[in-house]
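This report looks at one ligand site and one residue beside it. The sequence and structure come first.

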Amino acid sequence: MKKIKKVGVLGSGLMGSGIAEIAARAGYETVVREISSELVDKGLQKVHGSLGKAVEKGKLEAADRDAAVARLSGTVDLGALADCDVVVEAIVENLEEKRKTFSALDQVVQPDAIFASNTSSLTITQMAMFTQRPEKFVGLHFFNPVPVMKLVEVVRTLLTSQEAYDAAIEVVRGFGKEPVTARDNSGFLVNRLLVPYLLDAVRAYEEGVGSIEDIDKAMQLGCGYPMGPFTLLDFVGLDTTYYIANIMFDEYREKRFAPPPLLKQMVLAGRLGRKSGRGFYEHSRK
Ligand code: CAA
Ligand code: NAD
């Protein structure tokens, strides 16, 4: 198996910036691509800020932070990913955007490179078929916040080669994460269980079962969850959750995946959660 040295990341939003951070920290040369130079700078700043905090907390040596920063670069040019060994896509949860991105990426990146999507709800097979390398295509599903959450779901399709799957497991371990393997069903393992729970919390609130604060408190103190469902929805992003629910509902046609009306209204109103400063709760913008 070819040694993995250079990692490309598409998108530096919530997830892409976290993936770029752990890749650079793990010693890989890392290049992250965004759609504008402002977003490239914003993404790099997020990573630098997070590495800085790790140093302040004594979890990272200043010299290791400097080395990680030196290994990380940002670009708007897909061509800068040409010599990557692995590319992890973490752009908006929209099939058409992913189609455009993977078709273009396939033209510029060396044919041996592995492509991975961090999608929450689309199937990997759909995206693999946008490229000429479906056997080198896997799902690598990270969890938010990426630097903290230990799990990565590794998704193999009917077409994924054993070599690509083995390389994906190696990358996950190289990032210091723990893999589980999932079949290519929309939502994989975690979101199949988590998404109906989050949507049900919104439905419970719509039906007047309890207040947002009390539902959160109940799940935190009653079940030991680190965050209640509304805090978690704000954390994940209400826009992303809404896209995920629509995709999973389209796939399974089961009510448990249907986006509740309030979720749609929140997204239309621009209340996207932490990322916009307001969702179910108010958040101070960083
Ligand atoms: N980046 C880096 N580190 C972070 C962080 C971030 N965004 N947020 C928190 N941390 C670190 C803190 O620095 C802290 O580290 P130390 O203990 O070493 O100091 C540690 O995480 C704990 O943080 P806090 O003490 O501030 O807060 P906490 O104990 O409440 O933990 C949390 C924060 C880890 C986010 C915790 O609340 C949690 O696990 N929440 C649930 C997260 C979850 O369910 N994620 C999955 C979302 S679903 C998904 O990702 C899939 C999808 O497709 C939508
Ligand atoms: P986000 O909205 O925070 O970031 C998406 C970023 O992608 C934006 O910065 C946007 O400018 C950029 N982008 C859009 N098109 C692009 C392109 N063609 N090339 C490069 N960048 C592009 O979203 P996010 O929460 O980081 O989610 C990204 C992906 O990760 C989605 O597929 C989502 O389902 C998945 N995911 C999200 C979470 C979560 O908790 N938010 C968890 C796991 C997986």
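## Polar contacts to ligand 2

In this predicted model, an oxygen atom of ligand 2 lies 2.6 Å from an N or O atom in the side chain of Glu-93. The backbone also takes part. A polar backbone atom of Leu-14 is 2.9 Å from an oxygen atom of ligand 2. For Ile-91, the distance from a polar backbone atom to a ligand 2 oxygen atom is 3.2 Å. Ligand 2 alone exposes 830 Å², and the protein buries 88% of that.

## The shell

The shell around ligand 2 holds 23 residues. Met-15, Glu-34, Glu-93, Lys-98 and Ser-120 come nearest. By class, the shell residues split into nine nonpolar, nine polar and five charged.

Three elements, helix 1 (14–25), helix 4 and strand 6 (137–142), supply at least two shell residues each.

Glu-93 sits in the loop between strand 4 (86–89) and helix 4 (95–108). Its relative accessible area is 8%, so Glu-93 counts as buried, the cut-off being under 20%.

The Glu-93 side chain makes two polar contacts with protein side chains listed here: one with Thr-119 at 2.8 Å, and one with Ser-121 at 2.6 Å.

Conventions
Residues are numbered from 1 along each chain as its sequence is written. Chains are lettered from A and ligands numbered from 1 in the order in which they are written. This is a predicted model: local features need pLDDT of at least 70, side-chain atom pairs count only at pLDDT 80 or more; totals for chains, interfaces and linings use all residues. Side-chain values use heavy atoms; hydrogens and water are left out. Helices (H or I, at least four residues) and strands (E, at least two) are DSSP runs, numbered from the N terminus. Buried means under 20% relative accessible area, exposed over 50%, partly exposed in between (1.4 Å probe, protein chains only). A polar contact is a pair of N or O atoms within 3.5 Å; within protein, one must be able to donate a hydrogen and the other to accept it, and residues adjacent in sequence count only if both atoms are side-chain atoms. A residue is near a molecule or strand if one of its heavy atoms lies within 4 Å of it. Accessible areas come from the Shrake-Rupley method with a 1.4 Å probe; for residues, only the protein chains shown count as cover. Ala, Val, Leu, Ile, Met, Phe, Trp, Tyr, Cys and Pro count as nonpolar, Asp, Glu, Lys and Arg as charged, and the others, Gly among them, as polar.
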